Each structure stands twice: as structure tokens, then as C-alpha cells.
Number of protein chains: 2
Amino acid sequence: MYSYKLLKPDGRKLTLYSRNPIADDIIAPSPSKEPVVANPHLRWHPLRGEWVAYASHRQGRTFMPPAEYNPLAPTSDPNFPTELPQGKYDVAVFDNRFPSMYLEAHDPPVSIVDTLPANGACEVVVFTQDPQAFVSSLSLEHIELLFQVWGDRTSILGEHPNIQYVLPFENKGVEMGVTLSHPHGQIYAYPFVPPVPARMLDMQQVYYQENQRGLLQDLIQKEIADDKRIIYQDEYAIAFVPACARYPYEVWLAPIEPVATFMDLTENQRVGLARALKTVTLKYDGLWNRPFPYLMAWFQAPTDGKLHPEAHLHAQFYPPYRTSDRLKYLAGTELAAGMFANDALPEEKAKDLQAVAINLEGQIKNL
Amino acid sequence: MYSYKLLKPDGRKLTLYSRNPIADDIIAPSPSKEPVVANPHLRWHPLRGEWVAYASHRQGRTFMPPAEYNPLAPTSDPNFPTELPQGKYDVAVFDNRFPSMYLEAHDPPVSIVDTLPANGACEVVVFTQDPQAFVSSLSLEHIELLFQVWGDRTSILGEHPNIQYVLPFENKGVEMGVTLSHPHGQIYAYPFVPPVPARMLDMQQVYYQENQRGLLQDLIQKEIADDKRIIYQDEYAIAFVPACARYPYEVWLAPIEPVATFMDLTENQRVGLARALKTVTLKYDGLWNRPFPYLMAWFQAPTDGKLHPEAHLHAQFYPPYRTSDRLKYLAGTELAAGMFANDALPEEKAKDLQAVAINLEGQIKNL
């Protein structure tokens with residue numbers, strides 16, 4: 001993997017990644033030259049015992065780009081610079097212009113609840129220069145590169161003393177609130193271990209102390225033995241609808257043997273995981289012959305400098321649909337009580353996905 | 001408050017409530033005479049340490065009602081019975097036909113994760129016979145009755161040895177997935193204290209042990225002293241955008257002095273809380289001059305037979321909009337990490353709601 005670090009005219013960082021060497025004459029553009037002025041803060045929610053982030057962003061000068069303007073595509077018209085330059089590279093990562101967390105945040109407002117500067121980081125990861133692509137249409141080598149990019153970002157962000165947890169994720173589809181269809185994800189780097197990974201790590205730690213084995217490691221062995229909900233499996237990686245799925249088409253994807261973070265993946269695991277990810281996303285997009293929306297989140301060990309033998313790098317997909325024309329709304333019992341209620345069994349939804357025929361080397365395009 | 005208990009032809013319970021005596025010749029209808037066959041089960045989610053409910057429902061005989069058929073209105077055409085009878089009553093509560101939990105559930109399937117029968121209960125609460133009404137258009141006396149109904153259901157459901165927690169809530173609006181616009185809510189009665197109230201009660205218990213005062217009780221005093229985010233206040237009840245709001249237009253509503261459950265409300269508190277609820281919902285519906293969608297959830301003490309001096313009955317409103325034309329999508333950081341990120345401050349959103357002029361005795365109709 002090659003990488004090339006640049007600075008945008010507004011002070012934000014941009015890193016280009018490629019499987020091939022990158023030319024050193026590339027200049028980083030930005031939709032606006034005005035420096036980013038971000039100062040988000042955290043407030044403590046005393047009843048839930050968790051932090052909430054607040055960021056109110058100054059609106060920049062009015063910017064009226066042409067209708068086909070795509071801020072995540074390489075700049076084609078210098079009058080309307082995008083976030084990315086022309087040039088040969090595969091993946092690009094840059095600082096979010098409107099971050100919910102910012103390493104230089106300072107002087108949080110005084111409130112009746114505790115406050116802190118939101119000293120984290122928010123990055124945008126552009127998966128490919130092709131605006132028509134999906135994760136499912138990326139080549140296996142390209143997906144492997146993406147894993148290496150996530151590993152590099154986790155390493156770089158995690159080295160910062162403020163950063164305790166790095167979460168790469170992709171919101172896909174208008175149903176998830178995504179306005180830019182160019183394939184991209186985000187990375188949130190938190191100054192604390194957020195509640196959901198914290199809870200999962202707690203459960204994993206208790207299990208590890210009792211069993212000297214990983215909770216997800218053993219659950220994967222049970223999924224393999226049960227053999228009802230598996231979507232992809234090879235020697236190194238697996239994807240399955242978990243027996244305890246909260247979303248109808250929820251899928252988990254993991255190396256079979258635990259590693260703590262993206263940096264720890266072996267070559268074999270990365271290859272297997274790329275095949276697993278391509279299989280799952282091809283089946284998703286093939287299920288109803290249209291792009292399938294989801295939240296894909298990658299959970300890894302905290303970057304708190306401690307050892308985390310309990311951690312097990314894995315992805316969880318949360319798709320918003322329960323049938324081809326019905327969304328699963330999160331409402332009373334999910335949002336207020338925290339108990340998910342499903343009207344379909346994971347075994348049934350797994351069968352739906354198992355039945356989608358795919359060609360792993362093939363590409364779904366122009367959906 | 002008067003109540004009248006009935007049994008539907010399919011075996012489900014129906015209770016009518018009124019401020020006036022109810023005739024004893026009313027017969028309970030049901031859209032279908034086929035007995036309800038529900039057998040939901042719970043599966044343990046080992047990574048999150050929480051239960052997930054699964055219910056797959058047999059589809060009944062094809063039922064082709066006329067276009068204007070409203071299953072929550074009193075039956076007008078005996079050929080197409082609804083859930084409710086004709087007659088003089090104000091509020092009606094009946095067992096959900098497709099429950100996610102069921103007290104008679106039994107023999108859960110064997111899985112690779114722990115399973116249990118989902119021995120809880122799901123009830124539908126029809127707020128009024130008027131299909132055009134909103135909570136905001138109900139009279140103050142009608143809202144007080146609704147509080148008494150929620151108290152009666154909490155008492156009745158909570159007496160069952162299986163039921164540990166009773167959650168009344170209302171999902172309002174198509175944005176929340178609601179398909180029936182007739183004003184109604186639901187009650188979920190859980191065989192355990194679900195994760196969200198459990199977390200809040202934990203935080204409240206720690207605070208109570210340290211301070212001999214309620215966490216929410218003291219937070220309310222701080223909101224009163226800060227006087228920036230209050231939407232309604234009288235001697236007994238208050239409504240405010242909390243300083244730690246996770247949703248842009250989040251509002252909490254509570255008696256100023258803590259009570260554990262709806263059964264414990266004094267007359268004065270009930271009157272104050274009714275004025276607070278009508279004020280908040282009038283302001284919501286008046287904000288953009290259209291029905292304002294939300295999830296309204298009422299948190300109370302568990303019904304586990306223990307004393308809960310830390311508990312404080314209150315409502316939390318989670319509205320899905322962040323501006324008049326933009327939804328706040330729950331995505332990566334909210335769903336995967338559990339950290340909410342807001343681009344507006346609670347103080348600003350509180351000002352929006354404070355600025356909505358209302359007539360507390362008035363009615364918003366035909367929006």
C-alpha cells in the first residue's frame with residue numbers, strides 16, 4: 001500500500017491511498033478556501049450516563065455548484081473544486097468539513113450538565129474514484145486495500161493520546177440519510193470508548209476471563225456447527241446472520257480467529273474478509289436487484305494503549321428494510337426500551353440471502 | 001374513572017375507560033373471530049447482553065375492508081367489525097393482535113444462544129373515539145383520564161409475577177412508521193427491566209445513594225434555575241428541552257417532585273402534567289403548522305415488587321425532525337457507537353418551541 005499526505009487550502013488533511021506508487025505533484029483541492037472553524041463540545045447525559053456531541057457550524061459563503069457537481073469525485077472543473085484531486089489513486093481520506101468531533105476543540109460552554117471539548121476526529125473515506133461503484137462492485141484487491149486504509153487510519157488516529165476508539169462505518173442509501181451517492185464511508189475517532197462498543201467489550205471481557213476464549217470466537221464456532229445462517233465461509237473468514245439478529249437482514253462479518261484491530265489482520269484473513277464482504281454486499285444488492293441500504297460498522301479494540309485479548313474485529317450490518325417494500329422503523333420498544341422486536345426469524349432472512357446467486361468475481365453495475 | 005372489562009370473540013381482552021359510568025350492554029367486536037395464536041420468544045444477544053424478541057405471525061384469512069375502514073374507530077358497519085364497539089367511553093385498551101410479547105408464550109425454540117418464552121404483554125391504547133384528534137386536541141380532563149388509564153394498566157400488568165416493567169408510549173406520524181392515524185399509543189409490559197430504563201435506573205440509584213435525592217429531581221431544579229430551556233412550568237409539573245438533548249426537539253415532561261409510577265401521581269400533579277403535555281403537543285403541532293411526529297415514552301419504576309426511591313416518572317419525546325424539512329437520521333455514530341451527534345444546541349431548539357404561541361384551552365383541529 002502506498003499513501004501520500006496532502007494539506008487542503010482550508011487546512012484540512014487529505015491522504016491518498018493506492019496499490020501503486022502515487023505521483024508527488026498532486027495538489028489538494030477544497031470546495032471552499034475558508035479555514036474550517038469547528039469547535040464541537042460534549043455534554044454529559046446524567047440519566048443515560050453517556051456523552052452527547054453538539055456542533056453548530058457556521059455556514060460558509062454561498063456556493064452554487066452545477067447540478068452534476070459531486071464533491072467526492074476528482075475535481076474536473078477548477079471553478080468548482082471538489083474534495084479530491086485528479087490523479088492515480090484508489091482510496092482517499094480527508095477531514096470532515098463539518099465534524100462532530102475535532103481534536104483542536106476547546107473551551108466548551110458551561111452548562112447545568114458536565115461539558116468537555118469534543119476532542120475526537122471525523123474523517124471521510126472515499127472508497128473509489130468511480131461515482132457509480134458500490135462496495136459490491138469493488139475488486140477483491142480494492143477491498144483488501146480498503147481494509148489496509150482502515151488499519152492505517154486506526155493506527156494514525158489511535159496514536160493520538162485523546163483518541164480511545166476508532167470506528168469505521170458506511171451509511172449507505174437515502175434511507176440512512178445519505179445525500180451523496182458516491183461510494184464513501186466515515187471514520188469517527190472518539191475521546192472515550194462509546195457506549196455500544198463499551199458494552200460489547202464488557203461482555204467479551206467477562207467471557208474471556210471465564211473461558212480464556214473469545215465470546216465472538218466461540219459464537220462463530222456455534223454458528224458453524226449450527227450451519228443455518230451462514231452467508232459466506234472460508235478457512236479464515238465468515239459472514240452470517242447472527243442467531244440474535246436485531247435487524248431482519250443483519251449480517252456479521254469477521255475473521256474466524258480473533259484479531260484486535262485492522263492492523264492485526266494477516267494476509268490470509270484480509271483476503272478472506274474481502275471475499276466475505278464482497279459476497280455479502282453482492283447478495284444484498286442482488287436480493288431485490290437494487291442497491292441495498294445499510295449501516296456497516298466495524299468494531300475493533302479500543303486504542304487506549306491496553307491489551308484487549310477479549311476484542312474481535314468484526315463488522316455488523318444494520319439494513320433498514322424488513323421486506324422489499326417495508327422499512328423496519330425504530331420506535332417505542334427499540335428506542336425507548338432498548339429491546340428490539342422482529343417479526344421474522346434470523347433463519348428465514350438468512351435463507352433469503354443464501355438463495356441469492358452471485359458471481360464473486362463479477363461486478364454489479366448500473367443498478 | 002370508570003372502567004368496563006370485555007372479552008373479544010377471538011379471546012383478547014378489551015377495557016373501556018370513561019369519566020362517566022359505562023353502559024353494561026356493550027359487546028366487544030374484533031376484526032377477526034379467529035383466536036389469536038401468538039408464541040413470541042426471546043433470544044439472548046451475548047455481545048450486547050440484552051434480549052431480542054421474535055414473533056412470526058400467521059396471516060389470518062384475507063380481509064378486504066372498505067377504503068375508509070379504520071380498525072381503531074368504533075364499529076359502524078357490522079360486516080366490517082373494528083377493534084372497538086359503539087358506546088359512550090373515552091379511552092379503550094385492548095390486547096395487540098400481533099404481540100411481540102405474550103403472557104401465554106411457551107416452549108421457545110432451541111438456539112445457539114439462550115432463549116426464553118417472551119412472557120410479556122403488548123396492549124393498544126386508543127386515546128379517543130375521534131379519529132381526527134391528536135393528543136394536543138384532547139381536553140385537559142381527557143388527558144388526566146389518560147394518565148389514570150396508564151396507571152390502571154401499569155397496576156394490572158405489573159401485578160403479574162412475570163412483568164417487571166411497564167412502558168406506555170406513543171409512536172406518532174408516518175415518519176415513525178405509524179400506519180393508523182387514529183390517535184393511539186401502546187403499552188409494552190416486559191418480563192425484565194429493559195436496557196434503556198435499566199441504565200437510567202442504575203444512574204438514578206447511584207445518585208440517590210450518594211445524595212438522598214433524585215437525579216432527575218435535582219436536574220429539574222437546575223433546569224429551573226438555568227431558565228433557558230423550559231417549555232412549561234407550574235407548581236407541580238414541568239416540561240423542558242433537556243440540556244443534554246439527543247434529539248433536536250427532544251422534550252422531557254415530569255412532575256417536579258418525584259413519584260415512582262402513574263399510580264402515585266397526586267391530583268395536583270396529574271392536573272399539572274396534563275397542562276404540560278397539552279402545552280408541549282400544542283407547541284409541537286403549532287411549530288410548523290402540521291402534525292408533529294414523535295416517539296413519546298413514559299418511564300416509571302419497575303414493577304418488580306421492590307421500592308424504587310430513585311425512580312421519577314417522566315416522559316421523553318424523541319421527534320424525528322431536526323428542521324421542518326430534514327429528518328435526523330440515526331446512523332453510524334448513533335446506532336453503532338451509541339453517541340448522538342447534534343448540529344443544533346438544545347437552547348436554540350427550546351427557543352423555537354418557546355416562541356410558538358398557544359391557547360392552552362384551545363384545540364388544534366383539521367391540521
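**Salt bridges, sheet and chain contact in a predicted model**

The residue B:D343 is partly exposed, its relative accessible area being 40%. In this analysis, buried denotes under 20% relative accessible area, exposed denotes over 50%, and partly exposed covers the values in between (1.4 Å probe, protein chains only). The structure is a predicted model, in which local features need pLDDT of at least 70 and side-chain atom pairs count only at pLDDT 80 or more, while totals for chains, interfaces and linings use all residues. Residues are numbered from 1 along each chain as its sequence is written, chains are lettered from A and ligands numbered from 1 in the order in which they are written, and side-chain values use heavy atoms, with hydrogens and water left out.

B:D343 forms a salt bridge with B:R322, and the closest N and O atoms are 2.8 Å apart. B:D343 belongs to the loop between β17 (341-342) and α6 (346-354) of chain B and B:R322 to strand β15 (residues 321-323) of chain B, so the pair ties together parts that are 21 residues apart in sequence. A salt bridge is defined as a side-chain nitrogen of Lys or Arg within 4 Å of a carboxyl oxygen of Asp or Glu. Helices (H or I, at least four residues) and strands (E, at least two) are DSSP runs, numbered from the N terminus. B:R322 is likewise partly exposed, with a relative accessible area of 23%. Elsewhere, salt bridges that share partners join A:R43, B:E223, B:D226, B:K228, B:R229 and B:E347 into one network.

Over all chains, 34 salt bridges were found in a search of the whole structure. One of them connects A:R229 and A:E347, with 2.8 Å between the closest N and O atoms. This pair links distant parts of the chain, 118 residues apart: A:R229 lies in the loop between α3 (215-226) and β10 (230-233) of chain A, and A:E347 lies in helix α6 (residues 346-354) of chain A. A:R229 is buried at 1% relative accessibility, and A:E347 is also buried, at 17%. In chain B, the side chains of B:D218 and B:R213 meet in a salt bridge of 2.7 Å, N to O. Here B:D218 is buried, at 14% relative accessibility, whereas B:R213 is partly exposed, at 33%.

The chains were then examined together. The contact (heavy atoms within 4.5 Å) involves 75 residues from chain A and 75 residues from chain B. The two chains bury about 6100 Å² between them, 66% of it on carbon and sulfur atoms. In chain A, the residues that lose the most area to chain B are A:L47, A:I112 and A:M339, which together account for 14% of what that side buries. Buried area is the accessible area (1.4 Å probe) that two parts lose on being put together, summed over both. Two salt bridges are counted between chain A and chain B. A:E347, which is paired with A:R229 within its own chain, also meets B:R43 in a salt bridge, at 2.9 Å from N to O.

Chain B contains an open sheet of 11 strands with antiparallel pairing, in the order β1-β2-β5-β7-β9-β8-β13-β14-β12-β11-β10. Strands β1 (2-7) and β10 (230-233) of chain B stand at the edges with a single partner strand each, so one side of each is left without a neighbour in the sheet. From one strand to the next, the twist averages 15°; axes are lines fitted to C-alpha atoms, for helices over the stretch in contact, and angles run from 0 to 180 degrees between N-to-C directions. Two strands are taken to pair if DSSP finds at least two bridges between them.

Of the six residues of β2(B), five are buried.

β8(B) pairs antiparallel with strand β9 (residues 184-190) over five bridges, B:Y165 standing opposite B:Y190. Four bridges join β8(B) to strand β13 (residues 294-299), again antiparallel, and B:M296 is the partner of B:E170.
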